[in-house]
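The tour goes from the whole chain to single residues.

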Amino acid sequence: MKRSEMLHAVKQKQGYFDMIIIGGGATGLGTAVDAASRGYSTLLLEQHDFAKGTSSRSTKLVHGGVRYLQQGNVSLVLEALRERGLLIQNAPHLVRNQSFVVPNYDWWEGPFYGIGMKVYDMLAGKLGLGPSKNLSLEKTIEQLPTLEKEGLRGGVIYYDGQFDDSRLAINLAQTAVEHKAAMINYAKVTELLKTNNMVDGVLFTDQLSGKEFKVNGRVVVNATGVFTDNILKMDNPDSKPMIAPSRGVHIVIDSEFSPGKSAIMVPHTDDGRVLFAVPWNGKLVLGTTDTPVDKPELEPKAMEEEINFILKHAAQYLTGNPTRDDVRSVFAGLRPLVKAGGDGSDTASLSRDHTLIVSNSGLVTITGGKWTTYRKMAQDTVDQAATVAGLNINECVTENMRIHGWLKNTDHSDPLHHYGSDRVEIEKLIKEKPELGEKLHERLPYLKAEVVWGVRNEMAMTVEDILARRTRALLLDAKASVEMAPEVAKLMADEMDKDREWQKTQISEYEHIASAYIL
């Protein structure tokens, strides 16, 4: 996956791409994989880096959505549970089974959540990950040794999926490239091209060189998540906003606050949201909030009250009572919730379903949804886009298609496990140059070889790409990631033939971004 080759392919392209996709998050990447694997010539353009926005800032869960069950949205739960099962089969190196415990402090909670989880199991059918069951007080404490014991009556255990979101995004980009798609990050679409009022291409700027490109496509897909309205306005200045962004904040603390293997799920907090405490990459992710936001931005910031809200609720359930000093990183993401006609003030109850629309100009827009259902969203989008473009309707083949890096028996304790089958190649780099086997920081598992690999094979263009998304250093320990930045910049500069000035700029830009993740 080399960016220069992708740009070259676009320059050389004679005539039209079958599909041009704007947006390199979960939905756009999934759509590119689906379109390319059906044999359509495909171009994807992302204004920043793949999964820079919402898609690298999730709760790291591949789940049916216990909350949607509560809301009575059975069809969404059914679809999500089915997709969860397929994703575990298609990317076993990144997605795994995770047990969750719902602690019961009231007499009614055990039977109530017990029955709810049985329905959840039943809906999952053959693709279920394990049967839920009620736990005694002793068994609950065995699963969660640091759980607040005062008033605890027992718990309910159930199973869901857990994954590494931005690593899956990179693997999807690689999968699309393997099916001959052109994927370009740092390519900002500035204008939609039209003939007879019908969209038939885009103008985009290469953010790294400043060059402009004009490309034609039989159909253009708007998969820009929280930025959906910007592209709709580009198409029609009078279009009404359809997105009500909602901010979800997570904080990351050391795993000693909940050293058991199970995650904790609190079904109802003060703001009506579900709260999770999930073990992830050797840390514990706590979240999430649901705060309506006026306008989308690339680097949303967590507000003080959101951080305090999560810490307050964590203290109610964890005996260690984590404080601000224990926070290794705080990150925020924006959900692209679709307005349901009302004023959209209560984002907790807005639709999590995906929405697919075709404008009068033929622009296809896909928005809403969530990581778990990205593949189904892509399938629906490509079906619709192929019709709009007048292409031969080829069958979708992604249901049982292995994602790049597929490796069945993954040892999750191996620090390189999330590379799946690429791990062997990274080990080769270390064999050739043993110093690449050194860790970048004593508090994190990442190796120098991963930087070289990210530049050579995963289109990492900046220090932030490496520290935030190719590795997850920024999310796991923001301070440690800042200390790693100079070494990462040096390794990248050697690979990319950049000077000292480039390194200095990269380090200072990264420090600026990371400062918002440090409490």
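Among contacts in the protein chain between residues at least 6 apart in sequence, what percentage join residues at least 24 apart? It is 72%. Keep in mind that this is a predicted model.

Start with the whole chain in cartoon view. The protein chain has 16 helices and 18 strands. Its C-alpha atoms occupy a box of roughly 70 × 55 × 40 Å along the principal axes.

Of the 519 residues, 60% count as buried. Now colour by charge: there are 60 positive and 68 negative charges, and their mean positions lie 3 Å apart.

Now look at some backbone details. Most residues other than glycine have a negative phi, and most peptide bonds are trans.

Select Lys 60, in the loop between β2 (42–45) and β3 (61–62). Lys 60 is not a glycine, yet its phi is positive, about 65°. Lys 60 counts as buried because its relative accessibility is 0%, and the cut-off is under 20%.

Move to Gly 287 and Thr 288. The peptide bond from Gly 287 to Thr 288 is cis, with omega near 15°. Thr 288 sits in the loop between β14 (283–287) and β15 (291–292).

Finish at Met 459, in the loop between α12 (448–457) and α13 (463–470). Met 459 has a positive phi of about 55°, though it is not a glycine. With a relative accessible area of 1%, Met 459 is buried.

Definitions and conventions. Residues numbered from 1 in each chain as written. Predicted model: local features only at pLDDT ≥ 70, side-chain atom pairs only at ≥ 80, totals over all residues. Heavy atoms only, no water. Helix = DSSP H or I, 4+ residues; strand = E, 2+ residues; numbered from the N terminus. Buried < 20%, exposed > 50% of the residue type's maximum accessible area, 1.4 Å probe, protein only. Contact = heavy atoms within 4.5 Å. Lys, Arg positive; Asp, Glu negative; His and termini not counted. Charge placed at Lys NZ, Arg CZ, Asp CG, Glu CD.
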